[in-house]
Amino acid sequence: MDEQPLRFDTKIAVLLRDDLAPWQRLNVTSFLVSGLGSQVPEVIGAPYEDADGVAYLPMFRQPVLVFEATKEVLRAAHARVLSRSLPRAVFTADLFSTGNDTDNRAAVRAVPTVDLDLVGLAVYGPKGGVDKVVKGARMHP
């Protein structure tokens, strides 16, 4: 019997600042979603295998929606995600100038929450809550 497709009552969203270069958008998105997969295990599906039995890593079990917004909308989304206590990841402009994970964490730790120069935010949670967090953003072209 065929498995029925799952319908999700949750959403994974990435919000990117609209002034990033294309390489930065890809880099930020990759880093942000890696945080969700490591801390929210229910977002990860089963491993893959091709017809020859070659195994592949599991991936998210649901789509990742990518949005873009101005710096101001991103800042407001950050405040909303904090007020809702949803699982989130941040990427700040400072991380473009660091070269390793230790320096990345130190760069974020050095800046108060309200002063973070956000360029990206990932969030996971109930659809309605995530929709409220990304309010004012538009789907990435």
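How many bridges join strand β1 to strand β6, and do they run parallel or antiparallel? I looked this up first, and I found seven bridges between β1 (residues 10–17) and β6 (residues 118–126), which run antiparallel.

**Entry: ground rules.** I noted that this is a predicted model, in which local features need pLDDT of at least 70 and side-chain atom pairs count only at pLDDT 80 or more, while totals for chains, interfaces and linings use all residues. I number residues from 1 along each chain as its sequence is written, and side-chain values use heavy atoms, with hydrogens and water left out.

**Entry: the whole protein.** I listed four helices and seven strands, where helices (H or I, at least four residues) and strands (E, at least two) are DSSP runs numbered from the N terminus. Read from the N terminus on, the elements run β-α-β-β-β-α-β-α-β-α-β. The C-alpha atoms fill a box of roughly 55 × 35 × 30 Å along the principal axes. Of the 141 residues, 34% count as buried, a word I use for under 20% relative accessible area, with exposed meaning over 50% and partly exposed in between (1.4 Å probe, protein chains only). I also looked at contacts (heavy atoms within 4.5 Å), and among those in the protein with a separation of 6 or more, 75% come from residues 24 or more positions apart.

**Entry: the sheet.** I traced five strands in an open sheet, in the order β5-β6-β1-β4-β7, with mixed pairing; two strands pair if DSSP finds at least two bridges between them. The edge strands are β5 (88–92) and β7 (138–139), each of which pairs on one side only. Strands of a sheet pair through backbone hydrogen bonds, either parallel or antiparallel.

**Entry: strand β1.** On the β6 side, I found that T10 has P126 as its bridge partner and that V14 has A122. Towards β4, six bridges join the two strands, which run parallel, and there the bridge partner of L15 is F67. I then asked how many of the residues of β1 are buried. Eight of its eight residues are buried, and both faces are covered, with T10, I12, V14 and L16 on one side and K11, A13, L15 and R17 on the other.

Entry: Helix α2 (residues 71–84) lies across β1, β4 (64–69), β5 and β6, and runs at about 40° to β6; the axes are lines fitted to C-alpha atoms, for helices over the stretch in contact, and angles run from 0 to 180 degrees between N-to-C directions. In the loop between α2 and β5 I came to S85, which has a positive phi of about 55° although it is not a glycine. Is S85 buried or exposed? I recorded S85 as exposed, because its relative accessibility is 57%.

**Entry: N104.** I located N104 in helix α3 (residues 101–109) and asked which residues it contacts, leaving aside its neighbours within four places in sequence. The contacts of N104 on that basis are F31, L95 and T98. I count N104 as buried, because its relative accessible area is 14%.
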